[in-house]
Amino acid sequence: MTDLNEAVEADRALKAKHRTLWSLGDYPAVAATVVSALGPRLVQACGVQRGDRVLDVAAGSGNAAIPAALTGADVVASDLTPALLDAGRVLAEERGAQLAWREADAEALPFEDGEFDVVMSCLGVMFAPHHQTAADELVRVCRDGGTVGVLHWTPEGFIGRMFSVMRPYAPPPPPGAGPPPLWGDEEHVATLLGDRVTDLDARRETVRVDRFATPEEFVDFFKAVYGPTIATYKFIGDDPDRVAALDRDLVALARDAMTADGAMEWEYLLLTAHRRVG
């Protein structure tokens with residue numbers, strides 16, 4: 001019993017850290033000004049339509065949930081971080097979207113088995129530390145024949161490479177936690193879902209990002225608004241040499257990715273499947 005209690009307390013502490021992480025900076029600004037096209041792309045790929053019961057897991061400020069609601073679907077946006085849900089409510093009201101917002105852990109969703117026609121996650125569930133547990137929940141709450149869809153950064157793409165650059169400077173991951181960009185690997189996600197799904201379709205696509213005039217502007221923006229980047233700099237904040245080294249590494253990454261006109265192409269995995277019937 002002691003071991004079980006310790007595990008529960010450790011998980012509770014870990015999730016508290018995740019809430020704090022995603023409360024840092026201004027992730028809704030990233031969703032709205034950098035990757036706004038990705039939510040609608042996932043909604044389209046999942047075939048969301050009027051009357052569908054839809055769950056967006058780790059929805060953040062609603063980059064996918066709001067477009068889904070605007071189709072006429074019955075949408076629940078769930079996320080671990082209340083601050084992101086609050087931002088989403090404001091955005092939904094501005095866009096005239098009606099949907100429910102629910103604080104929820106992607107690894108322990110408070111919904112019934114088979115409750116939703118579509119279960120999706122856009123740049124969200126990849127940050128749940130225990131990949132198999134999160135994948136099990138995605139499948140569990142989807143009805144037989146329903147759609148599971150995820151859109152996440154690939155390990156080889158720009159953001160996956162950014163996480164690799166930051167890793168030597170970042171706090172060590174908790175025991176058993178999987179690297180987030182693995183959710184952008186087709187084989188990894190297919191293994192997580194297993195034979196519980198059929199009609200699996202995985203494709204790699206890119207989103208064009210032309211928000212930043214220089215590599216330095218990109219780094220300054222992400223240092224100010226993106227939780228994982230903020231947390232990494234905070235971890236090394238007492239070591240000016242390491243801060244300067246991370247600055248140089250991220251600027252070099254962005255410079256390598258920028259084309260002559262200042263744009264970048266960020267690769268992501270778009271994967272959909274149907275929950276097996278029976």
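A crossing of two helices is called right-handed if the near helix is turned clockwise from the far one by less than a right angle, and left-handed if anticlockwise. By that rule, α9 passes α11 in a right-handed crossing. The model looked at here is a predicted one, with local features needing pLDDT of at least 70, side-chain atom pairs counting only at pLDDT 80 or more, and totals for chains, interfaces and linings using all residues. Residues are numbered from 1 along each chain as its sequence is written, and side-chain values use heavy atoms, with hydrogens and water left out.

Helix α9 covers residues 215-225 and helix α11 residues 240-257; helices here are DSSP runs (H or I, at least four residues), strands likewise (E, at least two), both numbered from the N terminus. Their axes come within 8 Å and cross at roughly 125 degrees, an axis being a line fitted to C-alpha atoms, for helices over the stretch in contact, with angles running from 0 to 180 degrees between N-to-C directions. The pair is therefore oblique (under 35 degrees would be roughly parallel, over 145 roughly antiparallel, 65 to 115 roughly perpendicular, and the rest is oblique). On the α9 side, P215, E216, F218, V219 and K223 meet D247, L250, V251, A254 and R255 of α11, contact meaning heavy atoms within 4.5 Å. Sorted by class, that makes 6 nonpolar, no polar and 4 charged residues (Ala, Val, Leu, Ile, Met, Phe, Trp, Tyr, Cys and Pro are nonpolar, Asp, Glu, Lys and Arg charged, and the others, Gly among them, polar).

Now for α6 (residues 131-140) and α8 (residues 186-193), whose axes come within 9 Å and cross at roughly 60 degrees. These helices are therefore oblique to each other too, and their crossing is right-handed. H131, Q132, A135, D136 and V139 from α6 touch H188, T191, L192 and L193 from α8. This contact has 4 nonpolar, 4 polar and 1 charged residues.

S78 sits in strand β2 (residues 74-79) and counts as buried because its relative accessibility is 1% (buried is under 20% relative accessible area, exposed over 50%, partly exposed in between, with a 1.4 Å probe and protein chains only). Not counting residues up to four places away in sequence, the contacts of S78 include L55, D56, V57, R102 and F111. A65 belongs to helix α4 (residues 65-70) and is buried, at 0% relative accessible area. Leaving aside neighbours within four places in sequence, A65 touches D56, V75, A77, L99 and M120.
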